[in-house]
Amino acid sequence: MAKFITLRFLQGILVLLGIYAVTFFLVAATPGSPFSSERAIQPEILAQIEAFYGYDKPTSERFIASLGNILHGDFGPSAVYANRSVTDIIAESFPVSLKLGSISLAIALLLGIPAGIIAAVKKNTWLDYVPMSTAMAGICLPTFVMGPLLALVFGLIFAVLPVAGWFGPEFVVLPSATLGLYYAAYFARLTRGGMLEMLNQDWVRTARAKGVPERTIVWKHCLKGGLIPAITFLGPALAGIISGSFVVETIFQVPGLGQWFVKGALNRDDFLILGLTVLFASLIVLMNLLVDIAQVALNPRLKYD
Amino acid sequence: MTDHSETAVLGNEAAPLPKHSASEIADEELVEGSSLWKDAWSRLKKNKLAVASLVIFLVICVFCVVGPFLVPYDSQQQDLFLGATGPSAEHWFGTDTLGRDLLVRTMEGGRISLMVGLVATVVSLLIGVIYGATAGYLGGKVDAAMMRFVDLLYALPFTIFVILLMVAFGRSMWLMFVAIGCVEWLSMARIVRSGVLGLKKQEFVEAAVSLGYSHKRIILRHLIPNVLGPVIVIATLTVPAVMLLEAFLSFLGLGVQPPNASWGVLINEGQQNMEIFPWLLMFPAFLFALTLFCLNFLGDGLRDALDPKSAKD
Amino acid sequence: MALLEVKDLRTSFYTRDGVVRAVDGVSFSLDKGETLGIVGESGSGKSVTCYSLMRLIPEPPGRIDGGTAMFDGRDLLTMSKKELSKIRGNRISMIFQDPMTSLNPFLRISTQLIESLRLHYDVDKKTAINKAIAALEEVGIPEAAKRVHNYPHEFSGGMRQRVMIAMALITEPDLLIADEPTTALDVTVQAQIMDIIKKRQEDLGTAVILITHDLGVVAGTCDKVNVMYGGRMMESGTAEQVFYEAKHPYTRSLQKTIPSLQTKGEELYTIPGLPPDVSKPIHGCAFYPRCPYPKTGKPEGDRPELVEMADGHCYADCGFCDSSAPIETVLAKTDSPDEAIETGAAE
């Protein structure tokens with residue numbers, strides 16, 4: 001168990017290094033420089049700026065330097081938003097995104113998993129059809145459709161919730177619902193599938209033959225195995241919530257990291273892109289590590305291998 | 001023994017025994033190879049939701065491809081004097097803020113979105129099938145390493161990479177097709193690999209090996225035809241996933257660039273003005289969601305029809 | 001009074017492709033401590049019969065259409081779910097065909113073993129565990145005290161079936177239903193498992209219903225035998241009657257399939273054709289299309305009823321074939337069974 005986790009941890013660090021390298025060289029390969037866009041700058045000044053940010057050195061040298069900086073927690077300056085370092089931007093916006101992300105994930109899990117369990121247990125009744133059709137509809141309504149729709153209905157038609165900004169608890173509702181409901185739909189479908197697979201197993205028949213009540217069969221015999229698909233999906237779900245936040249933060253004008261990433265990408269802000277990619281990737285790698293551990297904890301067959 | 005008779009055997013296993021009436025058994029003896037597909041087709045036909053989805057999807061395709069020729073407006077033709085107007089007899093879907101006809105823009109946007117779906121799915125199909133079949137066929141350590149790599153990629157933030165690719169190499173539409181295809185091949189590789197792994201243990205492959213056929217020939221002629229069912233299912237489900245990614249990028253301004261429009265671009269434009277001109281959001285969003293809906297249901301239906309063993313209920 | 005009295009049991013599956021009459025009027029009875037064998041090919045309805053008794057048929061698509069199953073004076077088929085759950089795993093237990101899939105891989109053996117004890121009796125966990133260890137020892141699992149806390153995947157197939165037996169018998173039930181308990185096991189282990197079932201049956205005085213397609217197993221263990229085909233009983237009686245005085249052509253054909261009863265060097269006998277499609281109405285004898293005996297008429301009307309011939313020996317005589325000759329003579333005459341295969345397949 002400890003060996004397994006160490007192995008996965010080291011693997012995660014390798015993956016992060018890989019992501020960093022790919023991102024770095026991808027950004028470096030982009031034609032032009034982050035400072036030459038739009039504003040007409042005198043060539044001498046441009047060269048000075050580039051020298052200041054280390055852009056006069058060869059790419060490989062810059063890679064090593066920036067890797068060193070990142071390991072020290074220095075993500076470099078923001079090239080487009082003068083006078084602000086990437087670290088500042090992260091420090092300011094990360095709490096916002098973290099709040100949005102964790103509330104969304106909570107909505108997704110707390111809504112999706114119970115719905116999936118109920119649908120599986122009450123298969124082919126309205127308790128199955130209604131949540132599952134809703135879930136299917138949810139999956140077909142991506143965040144950038146759901147978001148405007150929710151804003152239209154609750155913000156403009158009923159005018160009960162604010163649709164833009166980030167000033168209080170009521171501002172959290174629509175963005176996190178937009179993100180959360182979409183993944184709730186996924187979790188519901190995965191949990192239903194997982195639970196159904198468990199409920200169709202031979203050993204459920206064994207339990208019934210022992211006189212075990214249905215409730216106990218669901219909770220004690222099937223839940224562990226039935227949740228595995230949903231838990232495995234946590235990693236991709238987090239990745240999805242992060243990229244979904246790009247959209248949702250733009251729609252609802254939430255001052256989080258997602259907006260910064262989109263701005264960075266549109267404006268070729270190298271340091272900002274790099275810093276945020278590393279941050280996002282670290283979160284996802286960490287989540288995947290947790291998922292791996294959870295899987296081993298849930299499935300005894302993995303424990304001894 | 002050819003692989004065709006094996007297909008028939010697989011088809012037989014799929015259906016529970018009592019279902020076989022005398023006529024079915026006779027049919028299978030006559031046309032060995034087609035029974036899997038015939039079975040699948042008859043199962044699909046019984047799934048009303050899937051058939052309805054197929055019909056609606058085809059209607060949407062015709063609407064988007066043929067439609068622009070029937071509407072007397074050009075998608076780029078602006079009428080700033082007119083501006084945004086609601087649906088009317090002249091402009092069924094209304095016009096946007098630049099006075100462009102939304103109906104024809106939605107049709108042409110759909111054409112681009114559907115094309116992305118098709119092209120990127122073909123790219124993902126090629127990569128996924130080749131990768132998966134190779135891993136499954138070679139087996140052993142190579143397979144383990146290749147699949148571990150897929151697992152790793154599964155856990156990565158792809159959308160970020162697609163965004164970076166778009167930034168790095170410019171926002172060309174064709175590049176986007178390839179970029180999306182390059183990240184959506186993982187499920188395909190997995191399904192092909194497990195199919196091949198299961199099939200290569202069967203006698204007809206051993207027979208081909210003992211006859212001294214080359215690896216390439218065995219993979220192309222014997223294995224791929226046999227995993228076609230699940231591949232079609234995944235491909236059908238990849239189309240909506242790919243369209244979603246395209247719309248996502250276009251929504252963020254990183255995908256299809258104006259004056260071209262995909263549904264994602266239109267939804268973004270609509271979203272910006274939805275308080276005043278809600279129809280600009282409603283029409284493209286509705287068609288986009290409907291298309292995704294149909295493709296997902298069709299994919300589910302195909303899964304039940306083509307892969308009865310994996311169909312849970 | 002008999003421990004179990006089943007009368008006219010009917011169970012069907014309502015599928016999209018029609019109604020499958022898996023069990024179509026089955027009656028039998030079983031006394032305390034007795035062993036009943038139910039024999040038949042796959043799809044003959046033998047397993048469905050027993051699952052119906054335990055009400056373990058998945059509903060839908062399955063449904064028990066009629067009949068009664070009086071167990072100790074109460075009808076298993078109509079009693080409330082609550083009453084039923086007091087009997088399941090307590091007074092009637094079950095062992096299943098595949099020990100690899102019949103134990104929950106996510107739970108420890110101990111948890112699964114003590115589950116029915118704790119459900120049906122007021123025992124604390126420690127006593128229950130001790131009882132579980134004793135039960136494992138009874139079925140011959142070494143180091144039971146240690147292994148009781150293992151997970152199923154740490155046991156081999158034969159060991160798992162022993163665990164299943166221990167689990168089924170831990171509440172000392174009145175009736176044990178064993179659904180092909182040895183089919184999925186290695187031949188070397190099969191005899192051991194049957195011995196354990198027999199031994200525990202003698203210790204506890206449990207009645208046993210043994211479902212099997214292997215006539216050889218039945219011969220060694222059962223007091224009474226039911227032969228099933230196409231959802232009905234074709235012949236029933238004591239083991240001796242069914243073996244030495246087999247009347248029905250199907251029973252006789254089945255006997256011919258036992259390898260050890262065949263002359264060495266002779267080709268193994270298989271009954272040509274396929275079991276009948278029970279989703280279609282069957283006229284006359286269900287075995288008619290595959291019957292090796294000379295035909296004397298076209299099957300028509302209802303399926304023949306089980307009639308008592310002598311001293312509890314019952315058999316469903318169809319009257320459409322001449323079954324006077326011994327099967328060896330008949331089989332020797334039919335040189336090519338091809339004709340039978342075709343009629344069988346078209347059924």
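1. Let's start with the eight-stranded sheet in chain C. This open sheet runs in the order S6-S7-S8-S3-S9-S10-S12-S11, and its pairing is mixed. The edges belong to strand S6 (92–95) and strand S11 (307–310) of chain C; each has a single partner strand, so one side of each has no neighbour in the sheet. On average, neighbouring strands here are turned by 20° against each other, ignoring direction. Keep in mind that this is a predicted model.

2. S11(C) runs antiparallel to strand S12 (residues 313–315) of chain C, and three bridges join the two. If you want a residue pair to click on, take Glu308(C), whose bridge partner in S12(C) is Cys314(C).

3. What lies across this sheet? Helix H11 (residues 249–256) of chain C lies across strand S3 (35–39), strand S9 (224–229) and strand S10 (232–238) of chain C. Relative to S9(C), H11(C) runs at about 100°.

4. Chain C also has a four-stranded open sheet, ordered S2-S1-S4-S5, with antiparallel pairing. Here strand S2 (18–30) and strand S5 (74–75) of chain C are at the edges, each with a single partner strand, so one side of each is left without a neighbour in the sheet. At the S5 end, strand S4 (residues 62–71) of chain C pairs with S5(C) in the antiparallel sense over two bridges. In that pairing, Met70(C) stands opposite Asp75(C) of S5(C).

5. Helix H1 (residues 46–53) of chain C lies across strand S1 (4–15), S2 and S4 of chain C, and its direction is at about 70° to S2(C).

6. Chain C as a whole: its secondary structure comes to 13 helices and twelve strands. The radius of gyration is 21 Å, close to the 20 Å that the globule rule gives for 347 residues, so chain C is as compact as a globular protein of that length. The C-alpha trace spans about 70 × 50 × 40 Å along its principal axes.

7. On to the contact between chains C and A, which takes 24 residues from chain C and 16 residues from chain A. On the chain C side, the elements giving two or more residues are helix H2 (81–87), S6, helix H3 (99–102) and helix H4 (109–120). H4(C) gives the most, with four residues. By class, that side has ten nonpolar, ten polar and four charged residues.

8. For the A–B contact, 39 residues of chain A touch 32 residues of chain B. Several helices of chain A give two or more residues to it, including helix H1 (2–29), helix H7 (170–199) and helix H13 (270–298). H11(A) gives the most, with eight residues. The chain A side has 28 nonpolar, eight polar and three charged residues.

9. Last, a helix pair inside chain B. Helix H12 (residues 228–251) and helix H14 (residues 279–306) of chain B pack at an angle of about 165°, their axes 8 Å apart. That angle makes H12(B) roughly antiparallel to H14(B), and the crossing of H12(B) and H14(B) is left-handed. Among the residues making the contact are Ile232(B), Pro240(B) and Met243(B) of H12(B), along with Phe288(B), Leu295(B) and Arg303(B) of H14(B). The residues of this contact divide into 14 nonpolar, four polar and one charged.

Definitions and conventions:
Residues numbered from 1 in each chain as written. Chains lettered and ligands numbered in written order. Predicted model: local features only at pLDDT ≥ 70, side-chain atom pairs only at ≥ 80, totals over all residues. Axes fitted to C-alpha atoms, helices over the stretch in contact; angles between N-to-C directions. Parallel < 35°, antiparallel > 145°, perpendicular 65-115°, else oblique. Left-handed = near helix turned anticlockwise from the far one by under 90°. Contact = placed C-beta atoms within 7 Å. Nonpolar A, V, L, I, M, F, W, Y, C, P; charged D, E, K, R; others polar. Pairing = 2+ DSSP bridges. Rg over C-alpha atoms; globule rule 2.2 N^0.38 Å.
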